[in-house]
Amino acid sequence: MSRLCKIVPERCIACGLCGLCALYAPEVFDYDDNGVVLFSQEPKAYQQFIAVKDQEDVIKAYKRCPVRAILLEK
């Protein structure tokens with residue numbers, strides 16, 4: 001079953017400059033020019049369903065986000 005993932009760019013502190021989210025879930029997350037998180041397939045979206053094959057990686061990114069800019073729902 002796919003899970004809904006939401007991002008909150010206003011919370012993001014641009015640790016993307018280090019590649020944190022994309023390091024754990026490169027198929028799902030990317031960054032804008034300022035290092036703020038966005039979805040790689042839908043850069044203007046603030047939520048999307050995550051494929052089962054990517055869920056483990058997204059959970060890792062979610063757990064390691066220091067400001068909870070990534071949210072997961074069941």
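## The second largest cavity

Helix α2 (residues 52-64) gives the second largest cavity the largest share of its lining, three residues. By class that makes four nonpolar, one polar and one charged residues. For these classes, Ala, Val, Leu, Ile, Met, Phe, Trp, Tyr, Cys and Pro count as nonpolar, Asp, Glu, Lys and Arg as charged, and the others, Gly among them, as polar. The volume comes out at about 30 Å³.

Bear in mind that this is a predicted model: local features need pLDDT of at least 70, side-chain atom pairs count only at pLDDT 80 or more, and totals for chains, interfaces and linings use all residues. Residues are numbered from 1 along each chain as its sequence is written, and side-chain values use heavy atoms, with hydrogens and water left out.

## The largest cavity

A search of the whole structure turns up two cavities of 30 Å³ or more. The largest holds about 50 Å³ of space. Eleven residues line the largest cavity, and Cys12, Cys15, Cys21, Val37 and Cys65 are the closest to its centre. Its lining has ten nonpolar residues, one polar and no charged ones.

A cavity, on a 1 Å grid over the protein atoms alone, is a set of points where a 1.4 Å probe fits but cannot get out; lining residues have an atom within 4 Å of a point. Grid points are joined across faces, edges and corners, and the volume is the space filled by probe spheres set on the points.

## Rings and charges

There is one aromatic pair in the structure. It is formed by phenylalanine 29 and phenylalanine 39, which are stacked at 5.9 Å centre to centre with 20° between the planes. (Rings of Phe, Tyr and Trp, the last by its six-membered ring, pair if their centres lie within 6.5 Å; planes under 30 degrees apart are stacked, over 60 edge-to-face, the rest tilted.) Phenylalanine 29 is in strand β2 (residues 29-31) and phenylalanine 39 in strand β3 (residues 37-39), so the pair ties together parts ten residues apart in sequence. Phenylalanine 29 is buried at 2% relative accessible area, and phenylalanine 39 is buried at 0%. Buried means under 20%, exposed over 50% and partly exposed in between, with a 1.4 Å probe and protein chains only.

Two arginines sit over tyrosine rings: arginine 64 has its charged end over tyrosine 24, 4.9 Å from the ring centre, and arginine 68 lies over the face of tyrosine 62, at 4.7 Å. The rule asks for NZ of Lys or CZ of Arg within 6 Å of the ring centre and within 35 degrees of the ring normal.

## Loops and a buried aspartate

Arginine 68 also has a positive phi of about 55° although it is not a glycine. Arginine 68 lies in the loop between α2 and β5 (70-73) and is partly exposed, at 34%. Alanine 14, another non-glycine with a positive phi, has a value of about 60°. Alanine 14 is in the loop between β1 (3-7) and α1 (20-24) and is buried at 17%.

Back in helix α2 we find aspartate 54, which counts as buried at 11% relative accessibility. Leaving aside neighbours within four places in sequence, aspartate 54 is in contact (heavy atoms within 4.5 Å) with Glu27 and Val28.

Note on methods. On a 1 Å grid over the protein atoms alone, a cavity is a set of points where a 1.4 Å probe fits but cannot get out, and a pocket is an open set with protein on both sides within 12 Å along at least five of seven lines; lining residues have an atom within 4 Å of a point. Helices (H or I, at least four residues) and strands (E, at least two) are DSSP runs, numbered from the N terminus.
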